[in-house]
Amino acid sequence: MSLSTSSVGAIIYRSSSAQVTISAPGDSKPQFLQKVYQGTVEEEQDPGVVILRVNFQTTGEIPVTLQVQSEADKFSISSNGELTTKVKLDFDDSPHNYSVEISISDGITSDSAIIEVHVTDINDNSPVFASTTVTKSVPEGTEVGSNVTIVPATDKDSNFNKEIRYSLRGGEGMFSIDPISGMVSVAGALDRETTANYSLLVVAEDQGRPARSATATLMVQVSDINDNVPKFFESEYEVEVLETKEVETRLLTLSAVDPDEGANGRLTYSIFQQSPTSDPAVFELDASTGTLWLAKPLDYSEVKMYTLMVQASDGGVPSLVGNGSVLVKVKDVNNNPPEFSKDSYNVAVSENLATGASILTLEVTDRDEGGFSKGHFLYTNDTFDINEQGVVSLRKDIILDRETIDSYLFQVVAVDQPTDGLRGTAQLNITILDYNDNAPQFPSIPDPLQIFEGEYSVEVPGEVFTIEPTDADIGPNGEVNLYLASPNPLFRFREDGTLLAIGSLDRESRETYELVVKASDKGSPKRENITTIRVSLIDVNDNPPEFSSSSYVSSILLKDVEEGKLVLTLSATDKDAGNNSRISYSFSTGNSPYLALNSETGAVTLTSDSADLTEDTTLVLTAMATDHGHPPLNSTGQLNLFISHVVVNLRIVSFVEAVAFERSSYNFSVPENQPEGETIGEVWASSGSDLYEVAYKLKTYTDLFSVNSDGAVLTTTQLDKEQQEWYILDVEAMDTRTPPTSAITTIRVHVEDVNESPQFPNKVYKASVYSIAPYKTPVIQVKASDPDVGDQNQLVYSLSADSPSFDVEPVSGMVFVVSAMGEAGQTTVLEVKATDSQGLYAEATVEVMVQGSASSSDVVIISLNQPANTVEKKLPELEKSLSKVLDWTVNVLQVSSSSEGSTNSRGLRESVRTSVSFVAVDGDEVVSSEEVTKKLQSQSAAVNAQLALVFGEGFHFDVETRPQSSTSNQAAVIALGVLLALSILGLIVTVTLIIRFKKKTHQDSDKETFDIDQHSQGYTNRNWSQTSEQAQMSPQESRTEGKQQRMDKETAQCNRWADEEETIKTDRLQQDKESDTDDSHTSAL
């Protein structure tokens, strides 16, 4: 038996075959071979489908009949035993199994059997949803994975045909479905504001072959939650409002959006902050419409702009708030006049204010828009200017002079608009401060000033004259102090300008004093004036006459006795002057009828009574010398006479029997510093007879001088004029008589000054300078000293050989730069000469190393708000402080005054600033100006703080842009410098010639004076030479007489030299002052 299956369309047909063997037992007796048969048929097959073929047997040829006994309406059986369907069988709605009873009959006998027909399912039913449209609501913000709903479907089929698998279509990935259960869940973050409704297609598909499916629509509505903050359409609103707008004016309408629904999206507007604040608020905001209203008047001068912080709140729980801002700009209307910061400005400026310099800035405010930016000033003044920024400055063609006008008062009007502007006024009071621009002036001073000689002291001074100098300046600048240019132990000034004598004044030692008086004010810098006064001493009768010898001894031969015979001449001198020095001679005791004394000349002569004289007569008389002095203030008014007495011893002998000097006094001179043993002169005495010898003995200053047997006076040590200038020696001559006779003579020794060469403390000086150093840059100062008295200030410095690179100041000895550009990297050797007024000189070598590692581009210039003289005084501290801050070695090249300042300054500005040029060195390398400038700027606070320690509070510095200078400019500067140097040199030469001319004139005058004095002195030797014994003088006596006259002349000449030295000093001081005036304010290291 075989089974076959075939398929037509969606209907499956099955067939089988079996081999039946029928045994024939003799009668037919049909029967089924099986009592129960199994058959299977698919549902929904068209009628006539063979289910199976039953096997049966029969004998004979009798036909048999096969019939369906039960379920005959559904099945039929054929004669050959094939069971077929009569209708379509339905597995889903009908029984799945049928018991079909069949029978076989040959008419006689029959048999029955059961066919179990099993209807098999085919996939003929699609899944069916309970509802084809399902609507569900899900809140937005539901967590992913949360269940939404189950959308179930059923399938009437069985087995695989009824197993359903679910899937979703649509939903943008926001949902997922369980394929087994059909549970729909949230797969993504839901946002109602993005998508409020989702239409999902749920597909249910069975597992049959072919599969069947069905769909249902799931409508998911995303319900709102309050998850959106209200948002204004603009983050910041701006509105401009004229300050004159009325209250309740609508300004603008704010609008915000909230995508939420219902109460969550219903907005309320409010202002939660106003800046600046006010009470009540200036603005109101309609809560429902968002309209902004003006609630209070505006005033631009008070508030120019308001910032409102606004918020929009929704109705959700909790409520969400969105913030925004409104910028309300108040538009100005010109309704406020300009206002000065002060009603009156009081400012003080120095009268040396540079032309064009700023003084102060007038601060003007205008509460209207734009302030005072379009304003201008009205004023009437021809000394000062006011620019549009309110900067008051001195006009460029004006120079202030406090002594002419000491203050300015004028009104300034500020106008805020070019046309139809409103106005404000202020007073400007500018006080001119005194600058020390006037030097003290001396009044007319008598010449000479006179004072009586005498003993004065600091405790008991003598008043000479009161000098009252004037100074046009005021304050300390006009306070004048008088003092002597060179300290003088004999004179000084009292604070009231009275010249005082504070030392012993002896007219006999010195009759006049040339004093250089300096008048100096107390300004800064000080100004001085110099004049020369001459103080002449009035003689006081303080010196008694002095005889040239302590005793006069004379012998005369009896044969020579005759009336009128000159026995001897008394000689007395008085150091006083005038009548105080006029001497009268007389005998005080022991008047003799034999001798007559001429009261004027001192000549002792024999009278007519001398005929009574006999040999060996000795006359001992006392002579008296009386002067005619009058003390200047004698309360008694009586004659006060100084009287000197001397013993006159006269012997009448047959021959000369006593020793006697040829002169009663001698005058010798010796140059200082001569070696010991130097002969300064000779004295000579005669014993009166060749039978006796004369010996000489020094009575005074035996430690300094000696006299030998020939009468030669010698030095025993070197003499120094600066220690003592005059010596009075007494020399005694004694003969070999028994008993011996003796005589004493007086020697005046004058120690003469010897001009000694100047001396440098060092033979070699070393210095260095950069090749870029400008003209007149100081290099090193060399100073020589002169051991001569009063000559230190008379040295003139010069170079032994001209140098194109360097020169030296003639007065100060400062070596300075002319142009060192061509000397870079070289050492220049200079020979500096210091020459005194007599032409003696000393030389020193100066070696200058010219460093070429720096160029002009390496120079850094900073500007300090300090005067140039202050900076120059503190250069060492400045260099040290800059080196400390910059951590480099700083070398200052130049300090110069400069006028600078910003016109935008809001206060009194210093008109004079000082520029300092320097280079910085790191080891042996010069640091570039760019690097130094960068460090100065980056550490400006530290630099300011460090330099403030040097210059004090208020110090400030700026880094200047280094000016670019061409080679031609440098050459021009050098050329101008050379011309200036030549001009100064010419001035010095001119002054020198004038001084020499004055000296020559003075010397000529001195010579004439000396001649007059010489004629009036009446030395003893001159009287002696006029006697009849002149012819008897030996050649030695003649030489001695000539030598004495020369020494007398030299003594007078020496006194004149002292006066000349004072004159030279005065001229030199005047030269120094002129030289200082010519100096530039520029100095450098």
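Predicted model: local features only at pLDDT ≥ 70, side-chain atom pairs only at ≥ 80, totals over all residues.
Which residues do ring pairs link into a cluster? The cluster joined by ring pairs consists of F340, Y345, F372 and F377.

**Aromatic pairs**

- A pair of aromatic rings is described by the distance of the centres and the angle of the planes.
- F232 and Y269 form a tilted pair, because their planes stand at 45°, and their ring centres are 6.1 Å apart.
- This pair links distant parts of the chain, with F232 in strand β21 (residues 231-232) and Y269 in strand β25 (residues 267-275). The two residues are 37 residues apart.
- F232 has a relative accessibility of 6% and therefore counts as buried. Y269, at 7% relative accessibility, also counts as buried.
- Y701 and Y727 form an edge-to-face pair, because the planes of their rings stand at 90°. The centres of these rings lie 5.2 Å apart.
- The pair of Y701 and Y727 likewise links distant parts of the chain, 26 residues apart. Y701 belongs to the loop between β61 (694-698) and β62 (705-707), and Y727 to strand β64 (residues 726-735).
- Y701 counts as partly exposed, at 31% relative accessibility, whereas Y727 is buried, with a relative accessible area of 5%.

**Charges over aromatic rings**

- K304 lies over the face of Y300, and its distance from the ring centre is 5.0 Å.
- K833 lies over the face of Y841, at a distance of 4.5 Å from the ring centre.

**Salt bridges**

- D111 and K35 are joined by a salt bridge in which the closest N and O atoms are 3.0 Å apart.
- E163 counts as partly exposed, at 32% relative accessibility, and R165 is partly exposed, with a relative accessible area of 34%.
- E261 forms a salt bridge with R192, and the closest N and O atoms of the pair are 3.1 Å apart.
- Distant parts of the chain are linked by this pair, 69 residues apart. E261 is in the loop between β24 (256-257) and β25, while R192 is in the loop between β18 (183-186) and β19 (197-206).
- E261 is partly exposed, with a relative accessible area of 44%, whereas R192 counts as buried, at 8% relative accessibility.
- E261 and R192 belong to a network of salt bridges that links them with E193 and D224.

**Backbone exceptions**

- Most residues other than glycine have a negative phi, and most peptide bonds are trans.
- The peptide bond from D279 to P280 is cis, and its omega is near 5°. P280 is located in the loop between β25 and β26 (283-285).
- A cis peptide bond also runs from V317 to P318, with omega near -5°. P318 is located in the loop between β28 (305-314) and β29 (321-331).
- D420 is not a glycine, yet has a positive phi of about 50°. D420 is in the loop between β37 (407-415) and β38 (423-433).
- D420 counts as exposed, because its relative accessibility is 76%.
- Y701, the partner of Y727 in the edge-to-face pair, also has a positive phi of about 50° although it is not a glycine. This residue is in the loop between β61 and β62.

Conventions: Residues numbered from 1 in each chain as written. Heavy atoms only, no water. Phe/Tyr/Trp six-rings, centres within 6.5 Å; stacked < 30°, edge-to-face > 60°. Helix = DSSP H or I, 4+ residues; strand = E, 2+ residues; numbered from the N terminus. Buried < 20%, exposed > 50% of the residue type's maximum accessible area, 1.4 Å probe, protein only. Lys NZ or Arg CZ within 6 Å of the ring centre and 35° of its normal. Salt bridge = Lys/Arg side-chain N within 4 Å of Asp/Glu carboxyl O.
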